[in-house]
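I opened this entry to record what I looked up in the two chains.

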Amino acid sequence: MNWLAWRQHRKQFMVAGIFLIIFASFMIPTGLNFWHTYQHALITCKTTDTCNQLPGELLQSNIDGLLLHLVQAAIMFLPILLGLFWGVPLMTKEYTAGTNKLVWTQGISRRKWLSVKLVWVLVGAAITAGAFAGLHTWWARTGNALNLDRFGSVAFSSQGIVPVAYAIFAVALGIMFGAWFKRTMVALGVTVIVLIAIMLVIVPNFIRPQYETPVSYKMSLTGNVKINGVPTNADNPLSNSAALVVSQTTVSSQNQPLDWANPPKQCIVTTPPQGFGGIPGGHTKAVAAPGTNGGEALASQNGGPTINLNCLQSMGYQMQIKYQPSYRYWDFQRIEAGLYLALSIIPIGVTYWLVLKRDA
Amino acid sequence: MSQKTATNAIQTNGLGKRYRSFWALKDCTISVPKGSVSALVGPNGAGKSTLLKLLVGLSSPSAGSANVLSKSPSQSSAYIAEIGYLAQEIPMYSSLSAKEHIAMGQHLNSNWDSVLATKRLNELSIPLGRPVGKLSGGQRAQVALGLALAKKPNLLLLDEPVAALDPLARVDFLKSLAHAVTDAEGELTVVMSSHLLADLERVCDHLIILASGETQLCDDIDRVLKSHKLLVGKHQDSVNSDDYTIIQQTDTTKETTLLVRLNNNKLNDPSWHVRDVDIEEIVLAYMGQKRNVANALAAKGGAR
């Protein structure tokens, strides 16, 4: 059976190998070059005390920011592509050509046939994803050091060990939907929708931040707050590490979150300055525009009233930041990889059921 | 019963297959003697493919049971090893060559004769190295038959193997099949479905007629020919008799024509003109009878 599995899948393994060689021949020289440039710049900037400008300088000149994102996106989509091009056709090709009836009537049980195929394709996908992700993890060390964002949702999903688990899950899911629907186009459509929903929406936004109880930190409302990113006050624990910010909330001294639609009346600015339109709120709850009105910090959210932050602060309001500290990065990698591997049992089990229990 | 299974390669008992509320095969009871070459005939949708799939273990029955080579059909390799099966559309891996298919068989079967398969295909001058997707329909069918025979099966199940072939390829295929049967010296049982009756008459000695998912007839062809007669006589209202079972009745104002199955191979009423019939007439009569019954039932249901 190994003979047939290799004969049927060798082409896709070779294609993966070719892509890996192309990828490596680009990543290795640029990765080395960039690391050296960074190390060099790190020495010179210390003498001129301009190290805080390094990210801007180096990312402008040496790696295009765009390129960095392209590589990240490529690694992030790799498991999905494997699920679509390796997983889905595994069964649909047999069903549409009727060759399942040929191979299932040879002197080998359906169970053994399926097991051997699954091992080849799932191990192949794991090795492929591991090779790409490993190369990217090595390459991204400079960008990680400069941007302090390896815990961010895209960087986290495209580095370390999680891409291997993603690939196994995605391919297993593709195989399951292929066995289920028997037709390639339908299975492709369902697989891509489900994979994007789980891997790009649900897990990174709703599940991952909750793997461990976040650490809480309170800071002044009117400091140098970065929106949707890492606050840069010198005294806060986030300023120099790649943490995963779970939430930013404006809370009262009794830890009650601020109702942006009905804030304390005395802090509402009745005549907002010209051109102040507020900043649309994302899932982080605080926006601030320090010093926009002659030293006064103003903010508003979702079209609510404009609020004077200095006033809020004097009433005891503070910014509460919940975050996952950077030392939890590998814990999170392990937890997420384990989660996906455990999830993979479902599509693999269903595939066995579909192939063994259903008529050919 | 146990004696019966010993001499029969296939024995089914009320075998049925239901897809949701539709019975593709119903109450199918047949026995196929060892070493026979059976023609499985019936109109499209009669359940021929369903029956063959049940027998090879590709699907599982909703009712009844089957005994094939003294085993119950299953997915186990021990069961499949003894059966050669050719599915309807003759599926093969189109990018693999005949040679690679033979190699595949070598890897997947414990009892496999690569030499014989290669020799057979060489004799037919089929290019062994070319992807089977690039072969003609006739050549593909020959490769598929070669693969099925390379398993050295005791039972060969062929689902409309010649349906898509041109007349010449059809004759060649049946010739190959006849050779294989001769070579096996009575050890090989064949069941071949088709709706091309002339082809089947050439190689088959046993007849199974399926219509509307039910068995109409399952018997030796010689016996079938002997027991079926066409009776022609003056028009009469009451034609029933203990001597025969009416398969098909045609009435005109003057004449009544009956195609009957004689119950004891003799007819006591001398007023009938008796004529022999051929297999094709018999098969068509059975299919027509089934349709008439179905129509009558439908009409009855509608009236209610």
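I count two strands as paired if DSSP finds at least two bridges between them. The model is predicted, and I kept that in mind throughout.

**Strand E4 of chain B**

I started with E4(B), residues 37–41, and asked which strands E4(B) is joined to by bridges and in what sense they run. Five bridges join E4(B) to strand E8 of chain B, residues 189–194, and the two run parallel. On the count above, this is a pair, because five bridges were found and at least two are needed. Four bridges join E4(B) to strand E9 of chain B, residues 206–211, again in the parallel sense.

Ser38(B) stands opposite Val191(B) in E8(B), and in E9(B) its bridge partner is His206(B).

Is E4(B) mostly covered or mostly open? I found five of its five residues buried. I sorted the side chains by direction: Val37(B), Ala39(B) and Val41(B) point one way from the strand, while Ser38(B) and Leu40(B) point the other way. Both sets are buried.

**Strand E6 of chain B**

Next I took E6(B), residues 83–86. E6(B) pairs with strand E7 of chain B, residues 155–159, in the parallel sense over four bridges.

**Chain A, overall**

I moved to chain A and took the totals before the details. The chain has eleven helices and six strands. Of its 360 residues, 34% count as buried. I also checked the sequence separation of its contacts: among those between residues at least 6 apart in sequence, 77% join residues at least 24 apart.

**Helices of chain A**

I checked H8(A), residues 162–181, for its length. I found 18 of the 20 residues buried, which makes H8(A) mostly covered. I also noted what follows the helix: Lys182(A) comes after H8(A) and has a positive phi, near 65°.

H9(A), residues 184–207, I checked for a bend. H9(A) bends by about 30° at Ile198(A). I listed its buried residues as Ala187(A), Leu188(A), Thr191(A), Leu195(A) and Met199(A). I set a general point beside this list: an α-helix has 3.6 residues a turn, so residues three or four places apart point the same way.

H11(A), residues 329–357, got the length check too. The helix has 29 residues and reaches 42 Å from its first C-alpha to its last, close to the 42 Å expected at 1.5 Å a residue. Its buried residues are Tyr329(A), Glu336(A), Tyr340(A), Ser344(A), Pro347(A), Thr351(A) and Val355(A). What do the buried residues of H11(A) pack against? I found helix H5 of chain A, residues 110–139, and H8(A).

**Domains**

For chain A, the domain assignment gives domain 1 as 2–212 + 329–357 and domain 2 as 215–326. The contact between them takes nine residues from domain 1 and eight residues from domain 2. By class, the domain 1 side of this contact has five nonpolar, one polar and three charged residues.

For chain B, the assignment gives domain 1 as 2–211 and domain 2 as 223–303. I noted that their C-alpha centres lie 33 Å apart. Eight residues of domain 1 and seven residues of domain 2 make up the contact. On the domain 1 side, helix H8 of chain B, residues 197–203, and E9(B) each give two or more residues. The largest share of that side, three residues, comes from E9(B). By class I recorded six nonpolar, one polar and one charged for the domain 1 side.

**Contact between chains**

Last, I looked at where the chains meet. I found 18 residues of chain A in contact with 25 residues of chain B. On the chain A side, helix H1, residues 2–48, and helix H4, residues 99–103, each supply at least two residues. The chain A side divides into eight nonpolar, six polar and four charged residues.

Definitions and conventions:
Residues are numbered from 1 along each chain as its sequence is written. Chains are lettered from A and ligands numbered from 1 in the order in which they are written. This is a predicted model: local features need pLDDT of at least 70, side-chain atom pairs count only at pLDDT 80 or more; totals for chains, interfaces and linings use all residues. Two residues are in contact if their C-beta atoms, placed from the backbone, lie within 7 Å. Ala, Val, Leu, Ile, Met, Phe, Trp, Tyr, Cys and Pro count as nonpolar, Asp, Glu, Lys and Arg as charged, and the others, Gly among them, as polar. Domain bounds come from an automatic or database domain assignment. A residue is buried if 20 or more other C-beta atoms lie within 10 Å of its own, exposed if 12 or fewer, and partly exposed in between; C-beta atoms are placed from the backbone. The bend at a residue is the angle between axes fitted to the seven residues ending there and the seven starting there. The expected span of a helix is 1.5 Å times one less than its number of residues.
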